[in-house]
Amino acid sequence: MTQEIIQVALRESIGKAASKGLRKQGMIPAVIYGLNEPPVAIAISPKTVARIIASDTGMNSLIHLQREGTEIKRHVIIKDVQRDPVTRRLVHVDLMRVDPDHKVKVKVRIVLKGTPIGVKEGGLLDFTHREIEVECLPSFIPAHIDVNVDHLKVGESLRLDQLNLDSHLTVHGDAHNVICCVVGKKAEEEVAPEAAAAAPAAAAPAAKAKK
């Protein structure tokens, strides 16, 4: 996994006025926390953060932070971001310290590959869980998890415990959670005419009552 090295500066003051001043300088406030150490307030480039989020590994990217003017470096991942509700620009970032030698829990998105047999026969693919929580060393965090669904027929599903995952990953969550399934399109279409036919029948007694 590619590691991003970012130069950051300590924030000497906090508050709305200080944050506004940072943004005028092309920076935004951020906080580093985790590993039983006190949180540290820093300033970081929103462009750099946006580029990392838009990368293949996204918020699970392993990042190297280096404090300006020092040799102090830390490994972090982006834990949360705040955006302006109107402009959607980044306004704050939470960064979590990670130890390269200790496992972390992260959520990873699932990417379905292929076209199910059931879909080719007229069924519909229902994608229920689009991400799962896994535990692994920071350097083994996957950008995404590819899942082949070519074999699924109508009425069949793929559960969490049926995923073929890398040995470095430990999955958390209910093993019986359904990732995706193929449902019959015809069954859904038959329900609609029945509902439409039931509506006039229900309305008829009401009309007689008014008379």
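Me: How many of the 211 residues of the protein chain count as buried, in percent?

Reply: The figure is 33% of the 211 residues of the protein chain. Buried means under 20% relative accessible area, exposed means over 50%, and partly exposed is what lies in between (1.4 Å probe, protein chains only). Please keep in mind that this is a predicted model, where local features need pLDDT of at least 70, side-chain atom pairs count only at pLDDT 80 or more, and totals for chains, interfaces and linings use all residues. Residues are numbered from 1 along each chain as its sequence is written, and side-chain values use heavy atoms, with hydrogens and water left out.

Me: What makes His 64 buried?

Reply: His 64 has a relative accessible area of 18%, and the cut-off for buried is under 20%, so His 64 is buried. His 64 lies in strand S4. Its C-alpha atom is 4.8 Å from that of His 75, 11 residues apart along the chain.

Me: Why is Leu 35 called partly exposed, and why is Asn 36 called exposed?

Reply: Leu 35 has 41% relative accessibility, so Leu 35 counts as partly exposed. Asn 36 has a relative accessible area of 85%, so Asn 36 is exposed. Leu 35 sits in the loop between S2 and S3, and the loop between S2 and S3 also holds Asn 36. There is something else to see here: Leu 35 has a positive phi of about 60° although it is not a glycine, and Asn 36 has a positive phi of about 60° although it is not a glycine. Most residues other than glycine have a negative phi.

Me: How many helices and strands does the protein chain have, and what makes a run count as one?

Reply: There are 4 helices and 13 strands in the protein chain. Both are DSSP runs numbered from the N terminus: helices are H or I with at least four residues, and strands are E with at least two.

Me: How do you know that the buried residues of H1 are on the same side?

Reply: In helix H1 (residues 16-24), the buried residues are Ala 18, Ser 19 and Leu 22. They cover an arc of only 100° around the axis, which puts them on the same side of H1; the arc is that of the directions from the helix axis to the C-beta atoms. An α-helix has 3.6 residues a turn, so residues three or four places apart point the same way. The face of H1 turned away from the buried side carries the exposed residues Lys 16, Ala 17, Lys 20 and Lys 24. Strand S2 (28-34) and strand S3 (37-44) are included in what covers the buried residues of H1. Just after H1, Gly 26 takes a positive phi of about 80°.

Me: Which residues are buried in helix H2 (residues 46-53)?

Reply: Thr 48, Val 49 and Ile 52 are buried in H2. Their arc is 100° seen down the axis of H2, so they line one face of the helix.

Me: What makes a set of residues a nonpolar core?

Reply: A nonpolar core is a set of buried Ala, Val, Leu, Ile, Met, Phe, Trp, Tyr and Cys residues joined through side-chain atoms within 4.5 Å. The largest nonpolar core has 24 residues, and Val 106, Ile 132 and Val 134 are among those with the most contacts inside it. Strand S7 (104-113), strand S9 (131-136), strand S10 (145-148) and strand S13 (178-183) each supply at least two residues of this core. The largest share, 4 residues, comes from S7. Apart from this core lies another, of 17 residues, among them Ala 30, Ile 44, Ile 52 and Leu 95.

Me: Which residues is Val 106 in contact with, leaving aside its neighbours within four places in sequence?

Reply: Val 106 is in contact with Asn 60, Ile 77, Ile 132, Glu 133, Val 134 and Ile 141. Contact means heavy atoms within 4.5 Å.
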